[in-house]
Amino acid sequence: MIILRSISAVQKYIKKIKDAHKTIGFVPTMGALHQGHMNLVRQARQHHNKVIVSIFVNPAQFGPSEDFKKYPRQIKQDSLFLDDEKVDAVFYPTAEMMYPRGYLTYVNVESVSEKLCGHYRSGHFRGVATVVAKLLNIIRPDTIYLGQKDGQQVVVLERMVKDLNFPVKVKVIPTVREKDGLAMSSRNRYLTETDRQQAPVLWQALKLAKQMIVSGVKDPARIENAMRAHITQNSQAKIQYIELVDKNTLETVTECRKNFMIAAAIYLGATRLIDNIIV
């Protein structure tokens, strides 16, 4: 496994791959890797000659009061994980490399960035779109692999790739879960023992919503109320939002018919958990 620590080194490495007419699968991450990330890597490995992973805790997507400084960083352990999965190269950019002094250019995907999590995390998706656009320009992959757990992020990046004509395919992989249903996330390690025991309540509420829809319930308000009741009755979680939205535009749906996403965010203690389900 090759470690790449400069943009020029990445570009030289990519040129050799392209000159050999080989394909590249790319997995962007912020490190603190878990089996959800490894599943993305395995999917990329199945379909491409080379698999490249980036590890970068992107300051542009954190708000002033968010957890940028304490976000878990475990370079040695991450490298071992990736080496075991036979990743070909890992790109470790620095903030100074990605956002040099005087940096002024950002990518803003309007409308879809402002809903759901974007309503509560101003500027978050501008930071996500900007760094992924830069990484796509540097690495020039054939396919980028994303996890459905970050459902809104998927919508934002799919729209960006389409609107800016990036020559890359976006492959979305289903959420990987713990045995009790909790979506795997680097932030799960923040949970206290008590909070961890209660954390599956979010997935339980999403499954309840799907069951209601399958049984014929079409009223979003009724479904949201049932989810809220389940969460509040079975945990001490603080609900940030529960919404039923069109899976492509993220516009609120008025009736549950087809092609929509149920998305939710809760706080257990200081830890924010998000999850979603496509119906």
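A salt bridge is a side-chain nitrogen of Lys or Arg within 4 Å of a carboxyl oxygen of Asp or Glu. By this rule I find 13 salt bridges in the structure.

**Entry 1: basis.** I note that the model is predicted, that local features need pLDDT of at least 70 and side-chain atom pairs pLDDT 80 or more, and that totals for chains, interfaces and linings use all residues. Residues are numbered from 1 along each chain as its sequence is written, and side-chain values use heavy atoms, with hydrogens and water left out.

**Entry 2: strand β3.** I took helices (H or I, at least four residues) and strands (E, at least two) as DSSP runs, numbered from the N terminus. I then asked how many residues of β3 are buried. The count is 5 of 6, where buried means under 20% relative accessible area, exposed over 50% and partly exposed in between (1.4 Å probe, protein chains only).

I looked up the partners of β3, given that two strands pair if DSSP finds at least two bridges between them. Strand β2 (residues 24-29) runs parallel to β3 and is joined to it by 6 bridges. Strand β4 also runs parallel to β3, with 3 bridges. Val53 of β3 stands opposite Val27 and opposite Val90 in β4.

I recorded a right-handed β-α-β unit made by β2, helix α2 (residues 35-47) and β3. A further right-handed β-α-β unit consists of β3, α3 and β4. Right-handed here means that, with the strands pointing away from the viewer, the path from the first strand over the helix to the second runs clockwise.

**Entry 3: salt bridges.** Lys50 and Asp88 form a salt bridge, at 3.9 Å from N to O. Lys50 lies in β3 (residues 50-55) and Asp88 in the loop between α3 (75-84) and β4 (89-91), so the pair ties together parts that are 38 residues apart in sequence. Asp88 is buried, with a relative accessible area of 17%.

I next examined Lys115 and Glu251, whose closest N and O atoms are 3.3 Å apart in a salt bridge. Lys115 is in the loop between α4 (95-98) and α5 (117-120) and Glu251 in the loop between β7 (238-246) and β8 (260-268), so this pair ties together parts that are 136 residues apart in sequence. Glu251 is partly exposed, at 40% relative accessible area.

Glu255 and Arg257 also form a salt bridge, with closest N and O atoms 3.3 Å apart. Arg257 is exposed, with a relative accessible area of 64%.
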